[in-house]
Amino acid sequence: MSILVVGSVAFDSVKTPFGERERILGGAATYFSVAASFFTRVRVVAVVGDDFGPAEEAVFREREIDITDLERVPGRSFHWSGEYGYDLNVARTRVTQLNVFADFKPKLSDGARETPYLFLGNIQPTLQLEVREQVAAKLVAADTMNYWIDNTPDDLRAMLERIDVLVINDAEAREIGKEPNLVRAARRILSMGPSRLVVKRGEYGVVMFSKDSYFATPAYPIEQVFDPTGAGDSFAGGFMGYLTATNAIDEPALRRAIIYGSVMASFNVEEFGCERMRRLTYDEINARFRELRAFSNFEEAEMPPF
Ligand code: AMP
């Protein structure tokens, strides 16, 4: 089985309370594909400029990510610059430059069109939809962010009608659902197209809604969160990567996928960019999966007699 992802491949400039990095490799599709590549074969659809060189390409090659559909054009790659204060759950965007993404018209290879699992990573909703319409996938999930919710709300609604799972953070869920209460916001979003909503809540964990089910997990407790950039995308990579690998989309598989996603995100935030993920091992992933399961596992009980 394999998964296709479209989304930004970017150069990020990031400032956190623990340090600063200029123009490091980032982007939603990058974080997603590196995380998913631990589970399954990944193909990336994106565009980069001539600033994307061998060092950046090596990150994809090392993880055997298929970059046949990564187009290269003259110009500059997508650039995002952001800053985090002591609340690492909130990123303040300083700069968003679409650059080569502004005119990107993806034409997928035959192999890409036949991919059974599809993730529409964070990028213009029109572009997400263009890719979605070219792929006859069995499961389509998507992410977005406030930038697109504010600037292209109609395109976003059109995209939502064509997906199965929406993976967003809680502020975005409240904004799309136009409702401060998360449960009600979730109900509204589930009436817009997706049959599942996965809400990332940063250090507080993840919740998953469908019309008739609810699941929640805490986040893996990390003492040193260095750079939260890409946490959401590496969560989505673990989540979708696991579903693709097992080729199952029933409730138990979706719940395990949420845990794998949380595990991948927990590693990603330990260092800047993809640095931690590039050294990650299967033993480390498996150990955290077991620990995370134990953290919220408890026995059934009756009230003790009073
Ligand atoms: P997250 O997983 O939410 O922390 O996503 C972080 C990544 O999203 C960064 O590496 C950015 O390059 C990328 N990004 C930021 N803003 C946008 C945007 N408006 N569209 C697409 N990608 C973005």
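Modeller: Start with a definition. Two strands pair if DSSP finds at least two bridges between them. Keep in mind that this is a predicted model.

Biologist: What makes S2 and S6 a pair?

Modeller: The bridge count. Six bridges join S2 to S6, and the cut-off is at least two. Therefore they pair. The two strands run parallel. Aspartate 12 stands opposite tryptophan 80 in S6.

Biologist: How do you know that S6 and S7 pair?

Modeller: Same test. Six bridges link S6 and S7, in the antiparallel sense. At least two are needed, so the label holds. Glycine 82 stands opposite threonine 93 in S7. A hairpin of six residues joins S6 to S7.

Biologist: Why is S6 called largely enclosed?

Modeller: Because six of its seven residues are buried. Buried means under 20% relative accessible area.

Biologist: Now the ligand. Which residues come nearest?

Modeller: Ser8, Asp12, Gly27, Gly230 and Asp233, out of 19 residues around the ligand. The shell divides into 10 nonpolar, seven polar and two charged residues.

Biologist: Which element gives the most to the shell around the ligand?

Modeller: H9, with three residues. Strand S2, strand S6, helix H5 and helix H9 each supply at least two.

Biologist: Serine 234 lies in helix H9. Why is serine 234 called buried?

Modeller: Its relative accessibility is 0%. Buried means under 20%, so serine 234 counts as buried. Beyond its neighbours within four places in sequence, serine 234 is in contact with Tyr31, Ala35, Gly261, Met264, Ala265, Asn268 and Met277.

Biologist: What lies 3.3 Å from a polar atom of the side chain of serine 234?

Modeller: The backbone oxygen of alanine 231.

Biologist: Why does valine 100 count as buried, given that it sits in the loop between strand S7 and helix H3?

Modeller: Its relative accessibility is 11%. That is under 20%, so valine 100 is buried. Its contacts outside four places in sequence include Val47, Val73, Arg76 and Phe78. The C-alpha atoms of valine 100 and serine 234 are separated by 23 Å, at 134 residues apart along the chain.

Biologist: And why is proline 218 called partly exposed?

Modeller: Its relative accessible area is 31%. Buried is under 20% and exposed is over 50%. The value falls in between, so the label is partly exposed. Proline 218 lies in the loop between strand S13 and H9.

Biologist: What is proline 218 in contact with, leaving aside neighbours within four places in sequence?

Modeller: Tyr204, Gly205, Leu292 and Ser296. As for asparagine 297, 79 residues apart from proline 218 along the chain, the C-alpha atoms are separated by 11 Å.

Methods: Residues numbered from 1 in each chain as written. Predicted model: local features only at pLDDT ≥ 70, side-chain atom pairs only at ≥ 80, totals over all residues. Heavy atoms only, no water. Near = heavy atom within 4 Å. Helix = DSSP H or I, 4+ residues; strand = E, 2+ residues; numbered from the N terminus. Nonpolar A, V, L, I, M, F, W, Y, C, P; charged D, E, K, R; others polar. Buried < 20%, exposed > 50% of the residue type's maximum accessible area, 1.4 Å probe, protein only. Contact = heavy atoms within 4.5 Å. Polar contact = N/O pair within 3.5 Å; in protein donor to acceptor, adjacent residues only side chain to side chain.
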